[in-house]
Amino acid sequence: MPTQNPEALDDGPTLHIWGGQPLAGHVQISGAKNSVLAIMAAALLCPDHCRLRNVPNLTDIARMNQVLEALGIGVNYQNGVLDLDTHHLTTSKAPYDLVSKLRASFFIIGSLVARLGTARVPLPGGCAIGARPVDLHVRGLQTLGAQVRIEHGIVHADVPGGKLKGGKIYLDYPSVGATETLIMAATLAEGETTIENAAQEPEVSDLANFCRAMGARIRGAGTNTITISGVPRLHAVDYSIIPDRIEAGTFLVAGAITQSEISLSPVIPDHLSPVIAKLRDMGSDVVQDTVNSLRIIPNRRVATDIETLPYPGFPTDMQAQFMALMTLSEGNSVITETVFENRLRHVAELVRMGADIRLKGHNAIIQGVPFLSGAPVMATDLRASAALVLAGLAAQGETVVKGLHHLDRGYDNLEAKLRGLGAKLERVNPTVME
Ligand code: UD1
């Protein structure tokens, strides 16, 4: 019997996009979602008060707030400033209902075990883009002296004597989440920890900088070897989050796909090097106007090949958006997704809009077409939703994107920002039956 895709039943709001409008102007880039999520988990290490600035308004952040509240943390979010009163961490048990909705909330296990010597965190569960196990997190915590067992879907971590001990960790794969969990755990451990084959993503460096601002001793973040010398206690902090390189990249692609000149700030241009290089390969020019702003000057749209890799390779979080651009680029492009095993589900939706894409295992072969046609489409994950919006902006006629809960997880005010550039789009809420 054919199984029904549960997302097809989505009766939430829809985004209507009338494509073909030229865009122009400037976009303000928000703080990096993935930095904030890790930093919020790390705030649990500090028995004081943390103020985070440049925090975007996203459902993922709201969910992480709920996780922290469930642990006894006072949370106040206003106008991009998040105040966390971390004096009272009243439980080491994270609630299943919340953790199951947000993989990043699993990362609190590192802080809980470091501060309390014990943690009970549900496995984050499956996810639309792949199985995403936590074996690397668990093995690293064991190296630091935690006894870890998984019972009834809950990871139990306990430290005999209450205090983790520094150790030498080699990660089989440079996992972002595992690197972050282990930085947090090692921060309050006795002695020195090294993490080899660590993730080098800018969000890992942002987390390390945040921990350092609280008094942690961390060297090498941003390289593949990170060294953490444990300290007994951390202190209050006021910290500003880096700009979101994935949001910035998405707007650069918006310029390329609609053949529009768009500028963005604030950005850290270095964080976007692989994205800028590929945009140039594909015929656009990207110029740096000031130290923290970029402008895309579109030209032709031509094919290229992309392989997703850990940083500083091309980010998997930009793969779907580039696929949208490739559908309208002259020639044959190939995308190879190496980071997640199931992250090409947007192919079927782009094909509904007239794209010519063939899938072969982890590869998508995209033959550029002269135009896309607006169609009803379903977002299958966060970045896929952005790809469909981008395709809709360039397509002829009306595109209706469903599954907006994915979009709202990671794009702060996307519609208003696009409207500010001249896009024609509108969110329509379902009519409530009385
Ligand atoms: C983070 C980002 C996500 C991004 C990804 C890769 C956050 C909140 N999310 O996710 O946006 O797409 O990095 O850049 O920061 N793996 C294991 N065992 C583990 C951990 C991971 O096998 O213990 C595998 C995963 O299944 C995946 C690969 O490693 O295939 C990369 O995952 P990882 O880098 O851990 O991604 P996340 O931290 O989940």
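This is a predicted model: local features need pLDDT of at least 70, side-chain atom pairs count only at pLDDT 80 or more; totals for chains, interfaces and linings use all residues.
## The ligand and its surroundings

The shell around the ligand holds 20 residues, and those that come nearest are Arg-103, Asp-135, Ser-175, Asp-317 and Val-339. Two helices deserve mention here: helix 5, which spans 135–143, and helix 6, which spans 176–187, each supply at least two residues of the shell. The largest share comes from helix 5, with three residues.

Ser-175, already named among the residues that come nearest, places a polar side-chain atom 2.6 Å from an oxygen atom of the ligand. For Leu-136 the atom concerned belongs to the backbone, and it is polar and 2.8 Å from a ligand oxygen. Asn-34 contributes a polar side-chain atom, 3.0 Å from an oxygen atom of the ligand. Taken alone, the ligand exposes 740 Å², and the protein buries 88% of that area.

The side chain of Thr-179 reaches the backbone nitrogen of Ala-199 at 3.0 Å. Not counting residues up to four places away in sequence, Thr-179 touches Leu-171, Ile-195, Ala-198, Ala-199, Val-204 and Ile-226.

The side chains of Ser-293 and Thr-290 are joined by a polar contact of 2.8 Å. Leaving aside neighbours within four places in sequence, Ser-293 is in contact with Leu-264, Ser-265, Val-267, Val-287 and Gln-288.

## Aromatic pairs

A pair of aromatic rings is described by the distance of the centres and the angle of the planes. The structure holds two such pairs. In one of them, the ring centres of Phe-210 and Tyr-239 are 5.6 Å apart and the planes stand at 80°, so the pair is edge-to-face. Phe-210 belongs to helix 7 (residues 202–213) and Tyr-239 to strand 13 (residues 237–240), so the pair ties together parts that are 29 residues apart in sequence. Phe-210 counts as buried because its relative accessibility is 0%. Tyr-239 counts as buried too, at 11% relative accessibility.

Phe-314 and Phe-322 form an edge-to-face pair, with 5.0 Å from centre to centre and 85° between the planes. Phe-314 is buried at 5% relative accessibility, and Phe-322 is buried with a relative accessible area of 0%.

| Aromatic pair | Distance of centres | Angle of planes |
|---|---|---|
| Phe-210 and Tyr-239 | 5.6 Å | 80° |
| Phe-314 and Phe-322 | 5.0 Å | 85° |

## Backbone features

Most residues other than glycine have a negative phi, and most peptide bonds are trans. The following places depart from those patterns.

The peptide bond from Ser-265 to Pro-266 is cis, with omega near -10°. Pro-266 lies in the loop that runs between strand 14 (262–265) and helix 9 (273–281). Ser-265 is also one of the residues in contact with Ser-293. Another cis peptide bond joins Tyr-311 and Pro-312, and its omega is about 10°. Pro-312 is placed in the loop between strand 17 (305–307) and helix 10 (319–327).

Positive phi values occur at two asparagines described here. Asn-79 has a phi near 45° and sits in the loop between strand 4 (74–78) and strand 5 (81–85). With a relative accessibility of 80%, Asn-79 counts as exposed. Asn-413 has a phi near 60° and is found in the loop between helix 13 (404–410) and helix 14 (414–420). Asn-413 is partly exposed, with a relative accessible area of 49%.

Definitions and conventions:
Residues are numbered from 1 along each chain as its sequence is written. Side-chain values use heavy atoms; hydrogens and water are left out. A residue is near a molecule or strand if one of its heavy atoms lies within 4 Å of it. A polar contact is a pair of N or O atoms within 3.5 Å; within protein, one must be able to donate a hydrogen and the other to accept it, and residues adjacent in sequence count only if both atoms are side-chain atoms. Accessible areas come from the Shrake-Rupley method with a 1.4 Å probe; for residues, only the protein chains shown count as cover. Helices (H or I, at least four residues) and strands (E, at least two) are DSSP runs, numbered from the N terminus. Contact means heavy atoms within 4.5 Å. Rings of Phe, Tyr and Trp (its six-membered ring) pair if their centres lie within 6.5 Å; planes under 30 degrees apart count as stacked, over 60 as edge-to-face and the rest as tilted. Buried means under 20% relative accessible area, exposed over 50%, partly exposed in between (1.4 Å probe, protein chains only).
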